[in-house]
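Student: I'm new to this one. Can we walk through it together, one question at a time?

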Amino acid sequence: MEPATVSARAPGKINLDLRVGPRGDGGFHELVTVFHAVNLWEYVELELAAGLTCRVDGRQAAAVPTDSSNLAVRAIEELRALTGLVEGVAITIHKGVPVAGGMAGGSADAAAALLAADQLFSLGLPLTELERVAARLGSDVAFCLTGGTALGTGRGELLAPVLATGALEWVLVTHPEGLSAGSVYAECDRLRGERTVPAPQVDPLLLGALRQGDPAQIGPLLHNDLQPAAFSLLPALRETVDIGLSEGAVGGLVSGSGPTCVFLAEDADDADDLANVLAQRGFPGEVLRATGPAHAGVLGVADVL
Ligand SMILES: C[C@@](CO)(OP(=O)(O)O)[C@H](O)COP(=O)(O)OP(=O)(O)OC[C@H]1O[C@@H](n2ccc(N)nc2=O)[C@H](O)[C@@H]1O
Ligand SMILES: Nc1ncnc2c1ncn2[C@@H]1O[C@H](COP(=O)(O)OP(=O)(O)O)[C@@H](O)[C@H]1O
């Protein structure tokens, strides 16, 4: 008997290093990025049902579409096209990652839906095949299938492991206004103007620091080429980053296309202290604690038939 319900979870991410090359012909930019998943989770439950439906609850759920533009719905549709599946599925998403926050929450939903569907329908697809499907859904989806700490190249969808040790302790400051990745890349292009942009390269010092697992070394090496564009579109973010750094973070920056700002602390106690201090500063968004690396996975099979 096939299980009737399967749940999976996938983490949100921070870009520890995001190097943006020139805009390519397809409109996408060549990237080199160090992805780092943290324990803010997207939970996706799939249940055998008639038709394909989607329900969303949790953080900022009202801002998430439930129609065929939802990335988890698109993930199931892509799998159906690939495998010839005809069964219907009811999708329930529980959001923990800020929406349009530069932390890949929608991508995590797509990734968790792929992991759960593979189990629900006993597809047994290899990771490489799931990554191919993921890449058709968005640049960050392939990383969200596994999480951890990884090097992304191409549009961000080509992955290689990064040798990283230890846990990293983060404080996150969200922003109530979302930023779309497309508009931030466009702003990055506008700010660059006619300047020649070199091929992107990861900072080897950061890779060395991650191997050591030393936050004090890692902090000053955090880098995001999209940060000036995010500051240009939402100037208040500059002050948020400055405040986090002045309150004792060992590093801080905008995550991906923003607007979430992330701060690295020396250890868990320092991160708790920093979170308490930042919570008093009256930012318009939330102050959250997170730890990385975090890993995606199928949670459990509930055989309710
Ligand atoms: C900026 C990053 C950094 O990890 O993450 P977020 O901040 O969105 O989480 C990613 O590159 C975003 O990935 P994702 O959000 O999956 O983007 P996609 O849906 O693939 O693309 C949305 C739009 O972003 C732009 N885009 C995306 C990836 C890339 N390498 N070059 C681009 O120029 C394109 O304009 C594209 O139409
Ligand atoms: N399952 C989903 N969860 C969140 N957003 C989604 C989802 N499916 C589609 N979207 C759309 O994608 C946009 C960006 O999503 P998200 O992944 O949260 O942010 P980011 O690209 O900044 O990491 C949202 O504004 C929303 O309209």
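Student: How do the residues of the shell around ligand 1 divide into nonpolar, polar and charged?

Tutor: Quick note: this is a predicted model, where local features need pLDDT of at least 70, side-chain atom pairs count only at pLDDT 80 or more, and totals for chains, interfaces and linings use all residues. Residues are numbered from 1 along each chain as its sequence is written, while chains are lettered from A and ligands numbered from 1 in the order in which they are written. Here Ala, Val, Leu, Ile, Met, Phe, Trp, Tyr, Cys and Pro count as nonpolar, Asp, Glu, Lys and Arg as charged, and the others, Gly among them, as polar. For the shell around ligand 1 that gives seven nonpolar, twelve polar and two charged.

Student: Which residues come nearest to ligand 1?

Tutor: A residue belongs around a ligand if its C-beta atom, placed from the backbone, lies within 6 Å of it. There are 21 residues around ligand 1, and those that come nearest are G138, S139, A181, G256 and S257.

Student: Which helices each supply at least two residues of the shell around ligand 2, and which gives the most?

Tutor: Helices (H or I, at least four residues) and strands (E, at least two) are DSSP runs, numbered from the N terminus. Two helices each supply at least two residues here, α1 (71-83) and α2 (105-120). The one that gives the most, with four residues, is α2.

Student: Where does ligand 2 lie relative to domain 1 and domain 2?

Tutor: The domain bounds come from an automatic or database domain assignment. Domain 1 (5-162) and domain 2 (168-292) both give residues to the shell around ligand 2, so ligand 2 lies between them.

Student: At what angle do α2 and α3 cross?

Tutor: Axes are lines fitted to C-alpha atoms, for helices over the stretch in contact, and angles run from 0 to 180 degrees between N-to-C directions. The axes of α2 and α3 (residues 127-137) come within 10 Å, and they cross at roughly 145°.

Student: Which residues of α2 and α3 make that contact?

Tutor: Two residues are in contact if their C-beta atoms, placed from the backbone, lie within 7 Å. From α3 we get L130, V133, A134 and L137, and from α2 we get A110, A111, L114 and D118.

Student: How many helices and strands does the chain have?

Tutor: Let's take the whole chain. Its secondary structure comes to ten helices and twelve strands.
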